[in-house]
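This report goes through a few residues and their surroundings, and then turns to model confidence. The sequence and structure are shown first.

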Amino acid sequence: MNKNALTFILIVVCLDTLSFGIIYPVLPKLLEDITGTNLSKASIYGGWLTAIYALLQFLFSPIIGSLSDKFGRKPILLISLLALSIDCLFLAFAKNIVWFFVGRAIAGIAGASYSAAAASIADISNENNRTAHFGYINAAYSSGFIIGPAIGGILGDISIRLPFIFSAVICFLNFLFGVLLYKETLPYEKRRKLKIDFNTVVSGFLNLQKLKLIFPLLVALFFMAVSSHSMPSVWSYFTMEKFNWDTQLVGYSLAFLGILSLVVQTYGVKFFSKKFGDHKMTGLGILFSIFGLLLITFSFHPLLLIPALILYNIGSINRAGFQSIASKKTPLDQQGELQGTIASINSLATILAPLIMTNTFRYFTTEETPIYFPSAPYLIATFLSVVALIFFRTLK
């Protein structure tokens, strides 16, 4: 196994989410300042920023996955890192909300490289370590949400723009690391003809639906993805509104959330997979997520959020389970397409989730609301997780 390749891939995934998560602690206050609105209304702008990012990921993930199947993983990942570095500099000097939308669009395209990264993981994996490796990539994904919010919370107190400059430098350094040390993981003889057209995304879904039991798997994955995005969509607004947290405390809480996820994805996935197998592990993960979300929903003191986040993060083992089950049913030369389609499902959920969650938050926190209930988005997330469990239970 190419250890440099594994290290590089994990860092790329981490940086993808870091560039996304770095704005969470500073975004609510920044949007309030830029738009001149209150926290409740600012959450709507935040929802649309996230949706734009996700929309571009949704459109470009299968395309980038197919490009990596044709040209190899390395050039795609390196180009993505350069784009992320440029995007972070772009956001660092943005003057108004329009430029933020443009910057998030660039980040969405660059962040679509997750499909190439996941395919590269599949390239260097075998039956013995495949699930563990997907646990690592999810841990790297989660690490971005540790480092990003922590940087945003700490450096944001010094300067609202400084976190983005820091992220740009880190992305460029990893680009140099990839140029020098990352070896291509897809051999020439395993590469496919390039096929990109209007039906690229749709054809990916159709191919997956032909696989045995894949339809309920995709449906369960989609509902869990929408549910899981309740965290990044409204956590900052929810904790500021309900518990009056400041930017730094939000950053620390998101870092704590990410640390828990890192531990679970690194060690928990291997433990649960070995003890229960992928199917049982995934079902247990959904159950833990439900319990964690319920506790967040009805928390009346901030200390209750600690056990809630622990339960919720144990539940994140379901992500590696979903990926491993789907990967095992797909030939090696289609891993890029598969991972691109899975990334598109996640991106589609990320388009819908922030709009659903932030509008729900807005409705239940505005002065005109009949019921003041800032936890409402997490009640919706709980319901979606239950629906996911029902569909997943149809798998044999």
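## Thr382 and its surroundings

In this predicted model, a polar atom of the Thr382 side chain lies 2.8 Å from the backbone oxygen of Tyr378. Thr382 is placed in helix α16, which spans residues 376-392. Its relative accessibility is 5%; because buried means under 20%, Thr382 counts as buried.

Leaving out residues up to four places away in sequence, Thr382 touches Ile290, Leu293, Leu294 and Thr297. With Thr297, the separation in sequence is 85 residues, while the C-alpha atoms of Thr382 and Thr297 are 8.7 Å apart in space.

## Thr282 in helix α12

Thr282 has its place in helix α12, which covers residues 247-297. The relative accessibility of Thr282 is 0%, so Thr282 counts as buried.

Which residues is Thr282 in contact with, once its neighbours within four places in sequence are set aside? They are Asn318, Gly321, Phe322, Ile325 and Phe392.

## The salt bridge

The structure holds 1 salt bridge. Arg104 forms a salt bridge with Asp87, and the closest N and O atoms of the two are 3.6 Å apart.

Are the two partners buried or exposed? Arg104 has a relative accessibility of 1% and therefore counts as buried. Asp87, at 0% relative accessibility, counts as buried too.

## Confidence along the chain

The mean pLDDT of the chain is 81, and 87% of the residues reach 70 or more. Where in the chain is confidence highest, and where is it lowest? The highest value belongs to helix α16 (residues 376-392), at a mean of 95, and the lowest to helix α9 (residues 200-209), at a mean of 51. Helix α16 is also where Thr382 is placed.

Over residues 208-213, pLDDT stays under 50. For this stretch the model has 11 contacts beyond four places in sequence.

Methods. Residues numbered from 1 in each chain as written. Predicted model: local features only at pLDDT ≥ 70, side-chain atom pairs only at ≥ 80, totals over all residues. Heavy atoms only, no water. pLDDT = per-residue confidence, 0-100. Helix = DSSP H or I, 4+ residues; strand = E, 2+ residues; numbered from the N terminus. Contact = heavy atoms within 4.5 Å. Buried < 20%, exposed > 50% of the residue type's maximum accessible area, 1.4 Å probe, protein only. Polar contact = N/O pair within 3.5 Å; in protein donor to acceptor, adjacent residues only side chain to side chain. Salt bridge = Lys/Arg side-chain N within 4 Å of Asp/Glu carboxyl O.
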